[in-house]
Amino acid sequence: LSEAWLFTIPGIIFFSLNKNFLAFINGQKRMLTFASLTSLRYISLLIFLVIIIYMNFPAYALGSIITLSEIVVSAACLWVIWDKIKWTFKLSEWYRHHFIFGAKSCLAGASIELNSRVDVLILSYFTDEFLVGLYSLALFVVEGLMQLIVVVRNNLNPFITQYFYEKEYKILQERI
């Protein structure tokens, strides 16, 4: 498990970059591109999983599928938005501001994810692998259904932001 984590850790960096890239694309209301790039993550996860199984790599190499798929998504995102990126150090105050915000929110996100996984860890202590796997499968199905809320939110966020910054509070209130 510790060896698998070593392969997974670089993927976390790319995952955080991809969240920003995808939020930018979502903010531009490019929903087809957003959906395609989001799907690319899961398609590439599956492809790399099949390759690792087919090539008969050791089990700890499974951690690399996350890193590899996130690199693919990062490359695709950069290809899509490269012309929109402005590289400058004039905004260094913004960089500091966003880094501090990200550092604070990172711990909150990690604790939320950990909280939803603690039950699996505790269950694994008291039961066998079959029951833990069954419970984990049910948990993934429920999390998948909860993604419907995420889809709705991702579609509404650009409009809410637009009305808010244009001070169109009446239209915003009517839409809500």
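A helix here is a DSSP run of H or I at least four residues long, and helices are numbered from the N terminus. With that in mind, select S64, which sits in helix α3. The model you are looking at is predicted.

Colour S64 by accessibility. Its relative accessible area is 13%, and buried means under 20%, so S64 counts as buried. Now show the side chain of S64: one of its polar atoms lies 2.5 Å from the backbone oxygen of A61. Leaving aside residues up to four places away in sequence, S64 touches F7 and I52.

The whole structure holds four aromatic pairs. In one of them, the ring centres of F7 and Y60 are 5.9 Å apart and the planes meet at 15 degrees; planes under 30 degrees apart count as stacked, so this pair is stacked. Zoom out to see where the two residues belong. F7 is in helix α1 (residues 2–27), while Y60 is in the loop between α2 (31–54) and α3 (64–81), so the pair ties together parts that are 53 residues apart in sequence. F7 is partly exposed, at 36% relative accessible area, and Y60 is partly exposed too, at 35%.

Now select F164 and Y169. This aromatic pair is edge-to-face, with 6.0 Å from centre to centre and 70 degrees between the planes. F164 is partly exposed, with a relative accessibility of 41%. Y169 is also partly exposed, with a relative accessible area of 45%.

Methods: Residues are numbered from 1 along each chain as its sequence is written. This is a predicted model: local features need pLDDT of at least 70, side-chain atom pairs count only at pLDDT 80 or more; totals for chains, interfaces and linings use all residues. Side-chain values use heavy atoms; hydrogens and water are left out. Rings of Phe, Tyr and Trp (its six-membered ring) pair if their centres lie within 6.5 Å; planes under 30 degrees apart count as stacked, over 60 as edge-to-face and the rest as tilted. Helices (H or I, at least four residues) and strands (E, at least two) are DSSP runs, numbered from the N terminus. Buried means under 20% relative accessible area, exposed over 50%, partly exposed in between (1.4 Å probe, protein chains only). A polar contact is a pair of N or O atoms within 3.5 Å; within protein, one must be able to donate a hydrogen and the other to accept it, and residues adjacent in sequence count only if both atoms are side-chain atoms. Contact means heavy atoms within 4.5 Å.
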